[in-house]
Amino acid sequence: MATRVAARASSAVRGPPSLLSLARRPRWRSPSPVQSCYSSSGPTSSIAIEGADGKTYKTDEWMNTPPSILSAVSKRLHLQPDHPLAITRQLIESRFPGYAYHNALFPIVTTHQNFDSLGFPPDHPGRSRTDTYYINSKTVLRTHTSAHQADTFRANETPGYLISADVYRRDAVDRSHYPVFHQMEGAMTWDRDSVPAGSTLAQQIWADVAKIPAHPGLAAQDPNPTMHPDRNPLQPEHAADEVEAVAAHLKRSLEDVVVAIFTAARAATTTPSGDAPPDEPLQIRWVEAYFPFTSPSWELEVFWQGEWLEVLGSGVVRHSILAAAGVPTRIGWAFGLGLERIAMLLFSIPDIRLFWSEDQRFLSQFSASKPIARFAPFSKYPACFKDVSFWLPVGAGGNSAGGLVAGFHENDVMELVRDVAGDLAEDVRLVDEFTHPKTGRRSCCYRINYRSLERTLTNEETNELHERLRRTLVGRLGVELR
Ligand code: DAH
């Protein structure tokens with residue numbers, strides 16, 4: 001499988017977060033740099049989860065989901081009236097008239113739904129316990145809304161649909177990464193068997209393309225051919241003229257979304273001098289991509305505040321997915337995007353933790369009935385940086401993708417910090433790392449930035465948090481403090 005190399009460096013070594021770094025490391029791209037020693041929660045038992053309608057789930061040695069993550073399941077921020085994520089969802093939905101909107105799909109899914117149904121190979125690193133929250137060996141918290149693609153195609157209720165939902169990933173701690181976030185998935189398909197006599201499928205699709213608003217003022221770069229035999233192949237079940245039409249429909253639909261988002265974001269953004277931003281054409285570009293569930297595939301990037309920002313992934317749905325879903329005569333496209341990332345730039349929200357705030361100083365600033373406006377930070381409370389250095393356990397390493405628990409993965413440090421400090425941890429980064437030349441042991445130094453979004457932390461409080469973190473690192477990961 002032609003998996004691309006990670007576009008983003010290890011979270012530990014990248015610079016300060018910016019909107020650009022909002023990109024998550026997609027599951028299909030690269031194995032994690034170091035492997036896990038997350039130990040399981042103990043013997044087999046079962047758990048009840050709030051919001052699961054009384055259903056209980058059996059846990060086993062794969063269980064790695066802490067209570068703090070399970071408690072997010074019932075929050076459904078994308079459905080809270082006047083929440084910035086709900087406003088962002090509605091703005092995008094408004095660009096897809098006639099599509100069905102599925103907004104309440106439950107986040108606990110099977111590994112079949114999350115991975116197998118989408119063509120992820122059995123040894124794909126995205127399945128690793130270091131990256132994904134498991135309940136048991138066959139049950140996970142969905143890592144993406146694509147987990148519902150096959151079922152939605154199988155139900156075959158409408159040709160077009162959107163799915164908005166909370167998704168869960170073990171990941172870095174910083175201002176643009178949170179282990180729970182929200183995605184929107186969309187798809188549109190056409191049925192070969194419903195083409196009227198005298199017309200072709202491609203003609204039908206082109207007729208639909210003509211119905212989507214075009215934006216001639218958009219500066220769109222799309223330098224590559226729709227299909228390329230090596231880099232972005234046509235699927236053997238598809239005809240090239242059909243895929244040209246599907247791609248045109250996909251691109252015009254998503255360009256329309258991007259114009260809506262960035263026009264609103266520009267209107268809300270003012271330059272430091274208070275002037276409106278220059279009235280330049282919005283620049284976007286289509287970039288060839290790879291996903292296990294589409295071919296050909298593209299990412300859409302937008303030039304925003306001086307940087308190319310990856311906004312979404314998309315492509316022509318794999319025929320095998322539609323065939324397995326009982327709709328082998330359909331062909332179409334799908335996309336997926338992160339709602340936090342878009343809401344952060346729409347409203348100029350500087351820290352992803354804010355979405356979880358119940359502080360009225362945050363929530364009262366957003367209203368679905370008012371134009372999108374910049375968020376006014378209520379205050380920037382002081383940061384407190386503290387370092388922790390430790391030796392990794394001897395022999396740390398090994399591959400956890402098969403569920404092995406020997407090894408060390410940076411995401412374990414990240415999650416441990418979240419367990420101990422919750423949302424008081426703003427950022428965690430690796431600031432130093434070396435291997436002892438004689439013993440071969442590895443040492444790491446992580447810098448934790450403690451800061452509350454709502455108040456000033458006392459020295460005693462941060463000292464105590466940090467002390468607890470040090471003890472927990474030793475207790476849970478078996479490291480030796482330096
Ligand atoms: N599921 C992908 C992710 O989590 C996003 C995505 C890419 C969804 C391409 C799609 C698609 O439907 O066609 O980042």
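Modeller: pLDDT is the predictor's confidence in each residue, on a scale from 0 to 100. This is a predicted model, and over residues 398-406 its pLDDT stays under 50. For that stretch the model has 21 contacts beyond four places in sequence. Where pLDDT is low, the predicted coordinates should not be read in detail. For the chain, the mean pLDDT is 88, and 87% of the residues reach 70 or more.

The open sheet has 4 strands in the order β15-β16-β14-β17, and the pairing is antiparallel. Its edges are β15 (425-435) and β17 (480-481); each has a single partner strand, so one side of each is left without a neighbour in the sheet.

The structure holds 0 disulfides. C384 is buried, with a relative accessible area of 18%. C444 is in no disulfide either: the nearest cysteine sulfur belongs to C445 and is 8.8 Å away, while a disulfide needs the two sulfur atoms within 2.5 Å. C444 is buried too, at a relative accessible area of 1%.

Aromatic residues give a further view of the chain. The count comes to 19 aromatic pairs. One of them is F96 with F335, stacked at 5.8 Å centre to centre with 15° between the planes. This pair links distant parts of the chain: F96 sits in the loop between α2 (84-93) and β3 (100-102), F335 in strand β13 (residues 330-338), and they are 239 residues apart. F96 is buried, with a relative accessible area of 2%, and F335 counts as buried at 2%. F335 also pairs with W333, where the rings are tilted, 6.1 Å centre to centre and 35° between the planes. W333 counts as buried at 0% relative accessibility. Elsewhere, ring pairs link F347, F362, F366, F375 and F378 into a cluster.

Terms used. Residues are numbered from 1 along each chain as its sequence is written. This is a predicted model: local features need pLDDT of at least 70, side-chain atom pairs count only at pLDDT 80 or more; totals for chains, interfaces and linings use all residues. Side-chain values use heavy atoms; hydrogens and water are left out. Two strands pair if DSSP finds at least two bridges between them. Helices (H or I, at least four residues) and strands (E, at least two) are DSSP runs, numbered from the N terminus. Buried means under 20% relative accessible area, exposed over 50%, partly exposed in between (1.4 Å probe, protein chains only). Contact means heavy atoms within 4.5 Å. Rings of Phe, Tyr and Trp (its six-membered ring) pair if their centres lie within 6.5 Å; planes under 30 degrees apart count as stacked, over 60 as edge-to-face and the rest as tilted.
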